[in-house]
Amino acid sequence: MLLYHGSNLAVEKPKLIQQKRGLDFGTGFYLTSRKEQAMRFSEIVTGRRGCGIATVSVYEFDEKQTEGSLDILRFEQADKTWLSFVSDNRLKKYTGQIYDIVIGAVANDTVMPVIQAFLGGFISVEAAVVTLKTSKLFDQWCFKSEKALSLLRFAESHEVTNE
């Protein structure tokens with residue numbers, strides 16, 4: 001399968017970089033199976049950093065290589081467990097099991113207000129989950145260990161153009 005990473009530069013050799021802000025699945029190298037999502041994110045990152053060129057890096061990944069060798073957490077939907085995991089990571093309070101790869105929905109711009117309302121105590125977990133089920137959610141893959149990163153094979157990169 002192909003996975004995509006959006007950034008302000010080509011990333012031939014992915015690295016685990018500690019982030020100052022809390023991310024959905026914690027520290028890791030984030031990818032998606034949706035090229036369009038990576039393109040959009042590359043533009044966001046380039047704007048945020050104020051340098052570089054919006055670029056999508058493409059990787060080949062054989063999920064069969066992970067069987068029995070990696071700890072993988074897969075969220076099939078944005079439910080209470082996903083919401084708790086994302087909330088804890090966003091607040092940098094996650095203290096549970098460490099995984100090699102985490103796969104699940106991305107808390108994008110349409111989802112973040114729901115998560116913020118939940119974290120602020122304005123809505124219950126049940127109300128947040130009901131609202132999340134009506135949202136169109138896209139996937140993200142977070143590679144959280146060197147062992148997991150070693151299974152990614154850089155294929156190519158291309159600049160994002162607004163044509």
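**Figure 1. Ser42 and its surroundings.** Leaving aside neighbours within four places in sequence, Ser42 is in contact with Gly6, Ser7, Ala54, Thr55, Val56 and Val160. Contact means heavy atoms within 4.5 Å. Ser42 sits in helix α1. Helices (H or I, at least four residues) and strands (E, at least two) are DSSP runs, numbered from the N terminus. Ser42 counts as buried, because its relative accessibility is 0%. Buried means under 20% relative accessible area, exposed over 50%, and partly exposed in between (1.4 Å probe, protein chains only). This is a predicted model: local features need pLDDT of at least 70, side-chain atom pairs count only at pLDDT 80 or more, and totals for chains, interfaces and linings use all residues. Residues are numbered from 1 along each chain as its sequence is written, and side-chain values use heavy atoms, with hydrogens and water left out.

**Figure 2. The largest pocket.** Rolling a probe the size of a water molecule over the atoms shows where empty space is left. The largest pocket has a volume of about 1,200 Å³. A pocket is found on a 1 Å grid over the protein atoms alone, with a 1.4 Å probe; it is an open set of points with protein on both sides within 12 Å along at least five of seven lines, and lining residues have an atom within 4 Å of a point. Grid points are joined across faces, edges and corners, and the volume is the space filled by probe spheres set on the points. In the largest pocket, 38 residues form the lining; Gly6, Arg21, Tyr30, Phe41 and Val45 lie nearest its centre. Two or more lining residues come from each of β1 (2-7), β2 (29-31) and α1 (35-49). The most come from α1, which gives nine. By type, the lining of the largest pocket has 16 nonpolar, eleven polar and eleven charged residues. Here Ala, Val, Leu, Ile, Met, Phe, Trp, Tyr, Cys and Pro count as nonpolar, Asp, Glu, Lys and Arg as charged, and the others, Gly among them, as polar.

**Figure 3. The second largest pocket and Lys144.** The second largest pocket holds about 270 Å³ of space. It is lined by 17 residues, and Phe25, Gly26, Thr27, Asn89 and Lys144 are the closest to its centre. Its lining divides into six nonpolar, seven polar and four charged residues. Lys144 lies in the loop between β6 (139-143) and α5 (146-149). Beyond four places in sequence, Lys144 is in contact with Leu16, Phe25, Gly26, Thr27, Gly28, Tyr99, Asp100 and Val102.

**Figure 4. Aromatic pairs.** The whole structure has nine aromatic pairs. The rings of Phe25 and Tyr30 are stacked, because their planes are at 20 degrees, with centres 6.5 Å apart. Rings of Phe, Tyr and Trp (its six-membered ring) pair if their centres lie within 6.5 Å; planes under 30 degrees apart count as stacked, over 60 as edge-to-face and the rest as tilted. Phe25 is buried, at 0% relative accessible area. Tyr30 also counts as buried, at 17%. The pair of Phe29 and Tyr59 is edge-to-face, because the planes are at 90 degrees, with centres 5.8 Å apart. This pair links distant parts of the chain: Phe29 is in strand β2 and Tyr59 in strand β3 (residues 55-60), 30 residues apart. Both Phe29 and Tyr59 are buried. Ring pairs also join Phe25, Tyr30, Phe75, Phe85 and Tyr94 into a cluster.

**Figure 5. The largest nonpolar core.** This core has 21 residues; Phe25, Phe75, Trp82, Val102, Ala107, Ile115 and Leu132 have the most contacts inside it. A nonpolar core is a set of buried Ala, Val, Leu, Ile, Met, Phe, Trp, Tyr and Cys residues joined through side-chain atoms within 4.5 Å. Two or more core residues come from each of α2 (80-90), β5 (101-105), α3 (112-119) and α4 (125-133). α2 gives the most, with four residues. In α3, Met112, Val114, Ile115 and Ala117 are buried. The cover over the buried residues of α3 includes α2 and α4.

**Figure 6. Lys92, a residue with positive phi.** Most residues other than glycine have a negative phi. Lys92 is not glycine, yet its phi is positive, near 60 degrees. Lys92 lies in the loop between α2 and β5. At 47% relative accessibility, Lys92 counts as partly exposed.
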